[in-house]
Amino acid sequence: MQETAQYSLVEDSVGGPRLLLSGPLTLAAIGPLERALQGVSGPIATIDLTGVEDVDTVGAWIVCQLARQHEAEITGASEAAERLLGAVRGIDASSDIGPPRLPVWERVPVMMGEKVYAARSGIYGVVGFLGQILIGMASLVRHPSRFPIRALVHQMELVGVTALPIIGLMSFLIGIVIAQQGSVQLQQFGAEALTVNLVGRITLRELGVLMTAIMVAGRSGSAFAAQLGTMKLTEEIDAMRTIGISPIEALVIPRILAATFMMVLLGFYASVVAIVGGAVVGDLTLGIPFWTFLDRIHDVVPEHDLWVGLIKAPVFGLIVALAGCYNGLQVRGNSEEVGRRTTMAVVSAIFAVIVLDAFFAVFFTEIGWG
Amino acid sequence: MTGDQHNDDEPPPIMVEGLGIRFGDFVVHENLDLTVRRGEILGVVGGSGSGKSVLMRAIIGLQRASEGRIDVLGRTITGVDLDRGIGVRRRWGVLFQGGALFSTLTVGENVEVALRKYYPDLSPELRREIARYKVILSGLPDSAVAKYPSELSGGMKKRAGLARALALDPELLFLDEPTAGLDPIGAAKFDRLTRELKETLGLTVFLITHDLDTLYEICDRVAVIAEKKIIAVGTIPELIATGHPWIEEYFNGPRGRAAKASHERAAE
């Protein structure tokens, strides 16, 4: 049995040039033959399949194409080959199988336009989404029995309780780094005692809440987007609507409330753990005893620093949850979209949090909470 | 059988011996035997949850068997790592229940995936042509080739899935409830297509179905799964003759009688 398909061209005095094919005309064996046949130019009157051992649809397809190209007649086909030829004959497979693609000079402006349009409808969308949430909340206030308390508690556990270890570890290390690096610089002025002020104020005002928001965006914002996006793809959300359950009330509001509320607790917790981290460094390298460090925090950190952090926290939580839920519900089409929307949820949430943090910093300083 | 020139001494396409599958304490199959003959359409029926899909997944190597042995096209599947090459994947095609099309690729590109994987030396034009005529052979309109799965209806997804299953001209075709969710006209067309493809391409077909019309119209033999094993295999009259209560109820219920009557009318 021949390994690959062969061909030969013979001059026949009666019927004109004749193409003899032999060997297996199957997908596995046809690659070389197909390339070789592209080099055959001359007129072919008949294609003789007498020598063909085995044939599948790909073999039949190539024979068919060849016959059409040269207006040749097919002879010597076995019964099986005849059937296959009949099945593929008359199919036109010339056009492309990929998605339609514009030339580059049209594609770039089109994409630009789409981006601009998407940005506009994104803003409309988020504002509309916020409105839907407010309406949903109002209706829940009027019908408190509908309040999704179980979902809320479950989300609070997912967003808050399960995040405690990782946020604790992160904050502890941040506290250590700030105290250690800060003391090195402050030592140059002989002011290493001020490390306490540095650690206490920066963690309570800025870093505790900011780092927590970034962590929550990565952990929970992405989870919201991926989960709601998948539910959208599998038509679970449509199913809820038809039963008469509002996805905003059942899915979005618990997530938004959980993230908003848990951010306050997590932000405070992160600040406390960071201060503990700083105190450990103080004890080990600066000669400030652990409890003295904590006592000093009480004296040097003004109370409004705590409020600055606690006011920012729920706003950041709201933004993270909003970005996650909004992007999740925007998913349509395919699995790639879930990934794209999840990325967008995290990136836009972190970006918005950092921009807002800058505004807050200026605002609080202006009102005298410097 | 046209289209295949295989000897009789070749092993049967599917041979299952003493198969046992359990999830934890839950036993799905126990001591299950089944042989599929070359060139036949074997229908597999059974109540919901009787493990039809699990059996199919075990045969194609997606589900690990707890005991027993499965040979497909002369190779042993059991005990082989799922992602290791076993030399038979290019000789079978699988149509999953929901189509399971790759959602980020167009229908044509879905068909092309297996061609790319196994025959990278084919010229890209030929590969595209093959993908395209397979889609058309599966009964989809020309315009569907460049569409994404999300733009297709349920029935079209099934056909696109069939085109992908046929991409490599397989000898063995697995169909998991191909006509579920299709309208009666579409289902009858799909049945005819399956039969036609089997006859032209010389396929062996393993077909899971709940559709009594499909069983009557196109299946050469039917295997019944109940009580954790295959309780009977044979033509429908043979099955009814066994007198097993479940089979009795299945084929002699109102739907079974209607399907039989319409089959007899069509035969006249």
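The structure is a predicted model.

In chain A, strand 1 (residues 6-12) pairs with strand 2 (residues 16-25). The pairing is antiparallel and runs over seven bridges. Within it, A:Gln6 has A:Ser22 of strand 2 as its bridge partner. Strand 2 of chain A also pairs with strand 3 (residues 46-55), here in the parallel sense and over six bridges. A:Leu25 is bridged to A:Val55 of strand 3. Between strands 2 and 3 the chain passes through helix 1 (residues 31-38) of chain A, and this β-α-β crossover is right-handed.

The two chains touch through 30 residues of chain B and 27 residues of chain A. On the chain B side, helix 2 (107-118), helix 3 (124-137) and helix 5 (184-201) each supply at least two residues. Helix 3 of chain B gives the largest share, nine residues. By type, the chain B side comprises 13 nonpolar, 10 polar and seven charged residues.

Helix 3 of chain B has 14 residues. Its first and last C-alpha atoms lie 20 Å apart, close to the 20 Å expected at 1.5 Å a residue. Of the 14 residues, 11 are buried, so the helix is largely enclosed by the rest of the structure. Among these buried residues are B:Arg127, B:Arg128, B:Glu129 and B:Ile130. The buried residues of helix 3 of chain B pack against helix 1, helix 2 (57-70) and helix 3 (79-88) of chain A. They also pack against helix 2 and helix 4 (154-165) of chain B. B:Gly139 follows helix 3 of chain B and has a positive phi, near 90°.

Conventions: Residues are numbered from 1 along each chain as its sequence is written. Chains are lettered from A and ligands numbered from 1 in the order in which they are written. This is a predicted model: local features need pLDDT of at least 70, side-chain atom pairs count only at pLDDT 80 or more; totals for chains, interfaces and linings use all residues. Two strands pair if DSSP finds at least two bridges between them. Helices (H or I, at least four residues) and strands (E, at least two) are DSSP runs, numbered from the N terminus. A crossover is right-handed if, with the strands pointing away from the viewer, the path from the first strand over the helix to the second runs clockwise. Two residues are in contact if their C-beta atoms, placed from the backbone, lie within 7 Å. Ala, Val, Leu, Ile, Met, Phe, Trp, Tyr, Cys and Pro count as nonpolar, Asp, Glu, Lys and Arg as charged, and the others, Gly among them, as polar. The expected span of a helix is 1.5 Å times one less than its number of residues. A residue is buried if 20 or more other C-beta atoms lie within 10 Å of its own, exposed if 12 or fewer, and partly exposed in between; C-beta atoms are placed from the backbone.
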